[in-house]
Amino acid sequence: MESYIRFADKVSAWFGKAFAWLILVMTFGVGYEVFVRYLLRDPTSWAFDVSYMMYGTLFMMAGAYTLSRDGHVRGDFVYRLLKPKTQATIELVLYFIFFFPGIIALILAGWKYAARSWRFTEVSVMSPANVPIFQFKTVIIIAGILLLIQGIAEVFRCVICMRTGAWPKHTEEDVEELEDVLLREHEKEVLKHSSEAIDIVKPLERDDKTGGRRDD
């Protein structure tokens, strides 16, 4: 199981990081459109198509990568209070009830959707440029397959956690949220100066003459 988890994590990471470069393509397309539209008064007929196709492809292909890094949104205000074994049991059940049926439906529906689009060599109707979009419909199938592969790895993670009582750690090094890095550095500083972190407050002395308090 651990070897499969490592394999799935590497596959998801490769696709996620490879398609992350679409951000540059999307940025260039939008930036160029702004330049020619407002400075040259000559807007393009393809920039809108490029922007939503690049964003959609990036969003779909990053799904498995995000799942492998446990980065999807979770309402964990109760979940995080549970023991790891209980968390793993809940996740295992939910994967089979919701995740796998949804992903299989996505792959099957995406196959029909993409096949019809390829058959008619579909083009975009959002602009007069007639930008071909049939090839991007294939992304639905690929993203679904990647999510299925990674979903099996997450099930294996749940099984390991149920056996050992602890979630298996990610072996692949990856980017981190800046707030996590700053929090870890702050914790190191607190531990480093823990012996000096006790505030000693000198008690106020009472002035016998005035009956009030005075500070030295």
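View 1. Helices are DSSP runs of H or I with at least four residues, numbered from the N terminus. The model is predicted: local features need pLDDT of at least 70, side-chain atom pairs count only at pLDDT 80 or more, and totals for chains, interfaces and linings use all residues. Residues are numbered from 1 along each chain as its sequence is written, and side-chain values use heavy atoms, without hydrogens and water. Arg37 and Glu33 form a salt bridge, with the closest N and O atoms 2.7 Å apart. The term means a side-chain nitrogen of Lys or Arg within 4 Å of a carboxyl oxygen of Asp or Glu. By this rule there are four salt bridges. Glu33 is buried at 11% relative accessible area. Arg37 is partly exposed at 36%. Buried means under 20% relative accessible area, exposed over 50%, and partly exposed in between (1.4 Å probe, protein chains only).

**View 2. Asp9 pairs with Arg157.** Their closest N and O atoms are 2.4 Å apart in this salt bridge. The pair links distant parts of the chain, 148 residues apart: Asp9 in helix H1 (residues 2–19) and Arg157 in helix H6 (residues 134–164). Both are buried.

**View 3. Lys137 pairs with Glu122.** The closest N and O atoms of this salt bridge are 2.7 Å apart. Lys137 lies in helix H6, and Glu122 in the loop between helix H5 (84–119) and H6. Lys137 is buried at 10% relative accessibility. Glu122 is partly exposed at 28%.

**View 4. Salt bridges with shared partners form a network.** This network joins Asp9, Glu154 and Arg157.

Notes
Helix = DSSP H or I, 4+ residues; strand = E, 2+ residues; numbered from the N terminus.
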